[in-house]
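This briefing covers a sheet and a set of charged side-chain pairs. The sequence and the structure follow.

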Amino acid sequence: MTHAHDLTLDSDLEPDLDSGLDSELDSALAETADWEDPDVESGYAADGPDPEDDPTTGAMDLAERHQLRRVASLRTELEDITEVEYRQLRLERVVLVGVWTEGTTQDAENSMAELALLAETAGSEVLDAIYQRRQSPDPATYVGRGKVEGLKEIVAATGADTVICDGELAPSQLRNLEDRLKVKVVDRTALILDIFAQHAKSKEGQAQTELAQLNYMKQRLRGWGGNLSRQAGGRVAAGAGIGGRGPGETKIETDRRRINTKIAKLRRELKEMKGTRDTKRADRKRHQIPAVAIAGYTNAGKSSLLNRLTSAGVLVEDSLFATLDPTTRRTTTSDGRVYTMSDTVGFVRHLPHQLVESFRSTLEEVADADLLLHVVDGSHPDPEGQLAAVREVLAEIDAGDVPELVVINKADAADPMVIARLRAREPHSVVVSARTGEGIAEALAVIEAELPHPEVAFEALLPYDRGDLVNRLHQEGEIDSIEHTADGSLVRGRATEALAGELAPYLLDAGVGTATIG
């Protein structure tokens, strides 16, 4: 990438001529390399550790993602294009098109604004955006015959090379629009799939994204104009026989067969990966470790909240679908109980059905959780729409019955009136700011109170050589009181059934120690 000017360390450290520094100081600056201005504040304490010495996993992922970031404002393209300029990374220039069928005008504008953010996340430059009111999209061209001509003029005037439609296009609509506009046409589903393909890092995430893309492409294969028969049948060489002896298998049929073969292979691989995930989940269930799942709209701050609650160090970026791979971290309550907290893929309005099916094994973490933290962006123009869109997907994956705690995030940037409206709409909610730490202590207290409690009450006298049982009671049970006597530790509390069985030899004979359901 060619920048407008080059920045060097010497130029950045060059003192201001108007600052009144004398020539002796200037010469000293030229001779010494470790001079520091005492009036200049550094980003961290001088005696503290360098943050780059031990970066988190998320910081390294973010640096890797930004290594080839394309910058639209620093373009110095020449009239005489050489090979270097020809090979430069260029932003795709797009025009957005939407059809407004229901809701208010504000809903339509919010949807178009979200589509613009999706397009920028995918690596494009939005030139213009138009939408219209219709009872239903046109079955042939999505926007109607007259609007296609106007859209063609806008594309020609702006110099766009791609048109993105705010909806899922049928194969015929896609073909008709491309034939008339003479540029590439992409729908909302393909745009989201492209973002997933860019951001998926784990083997499972890449396989899930590829499966969704193949399911989407299978119905949208296009032939080579009128010459669909790319392979000849019989013993004909390159179709040069007498009459051709039948068309044989067409190219589009070959592509579809290969896609079906690849889909079957990916499903087998994902089934094996799901077995590994199920084994880990079964192990946590066997030890009765509570599970908390973080779900919500994309860019609502789920990863930031996970970092704040568990110090996970996962990637955080102000963009849509920044993190796709689920992350599970082990953490403890204030009294020492162990539980897990998992971050999941973000949701969005009209989430493609192919993605829901492909990521079903990942989304099962939400359905099997003991508590769901539903994160919503309090600074978003339509937080209620975010809540409705996420709950629609949760119902589709049979996670609608999981106990839910609404976490209203970004309180530092949200309007207090909006937060008050959300608190009135969602009584079981907390207000936090994952960036500043506001409300985190309150959220942790509510999470600990909402976690499932052990069911078996006990009173046991544990010998001092069974400190392992006392440690497990702190991690897996609840201790109401502990008293150290001459014969051992007198412990009262609640434990899981498996742990209560190990405590049986030490239970007191006062009628306590029988299972009570609480």
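A salt bridge is taken here as a side-chain nitrogen of Lys or Arg within 4 Å of a carboxyl oxygen of Asp or Glu. By this rule the model, which is predicted, has 18 salt bridges.

**Salt bridges between distant parts of the chain**

- Glu210 and Lys262 form a salt bridge in which the closest N and O atoms are 3.9 Å apart. This pair links helix α9 (residues 203–218), which holds Glu210, to helix α10 (residues 251–286), which holds Lys262, across 52 residues.
- Glu210 counts as partly exposed because its relative accessibility is 31%; Lys262, at 29%, is also partly exposed.
- Arg492 meets Glu459 in a salt bridge with an N to O distance of 3.0 Å. Here the residues sit in two strands, Arg492 in β13 (residues 489–495) and Glu459 in β11 (residues 456–462), and they are 33 residues apart.
- In this pair Arg492 is partly exposed, with a relative accessible area of 33%, whereas Glu459 is buried because its relative accessible area of 12% falls under the 20% limit.
- Arg472 and Glu502 form a salt bridge whose closest N and O atoms are 2.8 Å apart. The partners are 30 residues apart and belong to two helices, Arg472 to α17 (residues 467–476) and Glu502 to α18 (residues 497–503).
- Arg472 has 23% relative accessibility and so counts as partly exposed; Glu502, at 37%, is partly exposed too.

- Strand β1 (residues 92–100) pairs with β2 in the parallel sense over 9 bridges. Within this pairing, Glu92 stands opposite Ser124 of β2.

How values were computed. Residues are numbered from 1 along each chain as its sequence is written. This is a predicted model: local features need pLDDT of at least 70, side-chain atom pairs count only at pLDDT 80 or more; totals for chains, interfaces and linings use all residues. Side-chain values use heavy atoms; hydrogens and water are left out. Two strands pair if DSSP finds at least two bridges between them. Helices (H or I, at least four residues) and strands (E, at least two) are DSSP runs, numbered from the N terminus. Buried means under 20% relative accessible area, exposed over 50%, partly exposed in between (1.4 Å probe, protein chains only).
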